[in-house]
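Work through the exercises below with the sequence and the model side by side. Try each task before reading its solution.

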Amino acid sequence: IIIYLVLKFAFGKKLGSIGLYLSYFFMFPLLLLGEITAYPRRKKKWLIRSGLKEGHSYLEEGIGLGTSPILASRIVGAKGRIYALDNHPLQIIILSLRSKIRRIKNIELILSDASKTYLEDDSIDTIFICDAFHEFPDKRNTAVELYRVLKPDGSLTILEETVKNANNAQKIIESTNLFKLVEKDKKFIRFKK
């Protein structure tokens, strides 16, 4: 309850129900353990397949517990930059704590809706969205915003948990006529600007 009140005061906007925060509190150790033990190998493979390289600028929208941005920070190295965006303050706090514990200095956290990154035009090499695109309320404007911040020939990768969500994401991105599909493998879709 104290965490909920602190977040409500600190961010001054409507948060989820207190039940959501209580469930996070009790489930967090299990979620974190699962995230740390099961996903890193798979996520690293997807990040590399997305075209992420040393020195790149990387944006992830919908960061969850933050494993992908932490892995991406290792791949891009000290010369690269990681932008981790989520609209939920608790996800931002979790990644902030995880990156401080690991002494990661190249991650910048953004608390915002997916359709507003506040980044400069043509500033990102790789955008990665892992099992989150289906949750974005304004998918079309999000696609337009991602196009704006992506460098020419930059890569937009969407990885979804289900084939249905991946197919829906592909249809939405293609309907904007902004991106070119370069790779599709069931739940993994990669576009170029």
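Accessible areas come from the Shrake-Rupley method with a 1.4 Å probe, and for residues only the protein chains shown count as cover. The model is predicted, so local features need pLDDT of at least 70 and side-chain atom pairs count only at 80 or more, while totals for chains, interfaces and linings use all residues. Residues are numbered from 1 along each chain as its sequence is written, and side-chain values use heavy atoms, without hydrogens and water.

**Exercise 1.** State the accessible surface of the protein chain and its share from carbon and sulfur atoms.

Solution. The accessible surface is about 10300 Å². Carbon and sulfur atoms hold 57% of that surface.

**Exercise 2.** Count the helices and strands of the protein chain.

Solution. Helices (H or I, at least four residues) and strands (E, at least two) are DSSP runs, numbered from the N terminus. The chain has six helices and seven strands.

**Exercise 3.** Give the strand order of the sheet and find its edges.

Solution. Two strands pair if DSSP finds at least two bridges between them. The order in this open sheet is β3-β2-β1-β4-β5-β7-β6, with mixed pairing.

**Exercise 4.** Describe how β6 is joined to β7.

Solution. β6 and β7 (residues 188-192) run antiparallel, joined by five bridges. Glu183 has Arg190 in β7 as its bridge partner.

**Exercise 5.** What percentage of the residues is buried?

Solution. Buried means under 20% relative accessible area, exposed over 50%, and partly exposed in between (1.4 Å probe, protein chains only). Of the 193 residues in the protein chain, 47% are buried.
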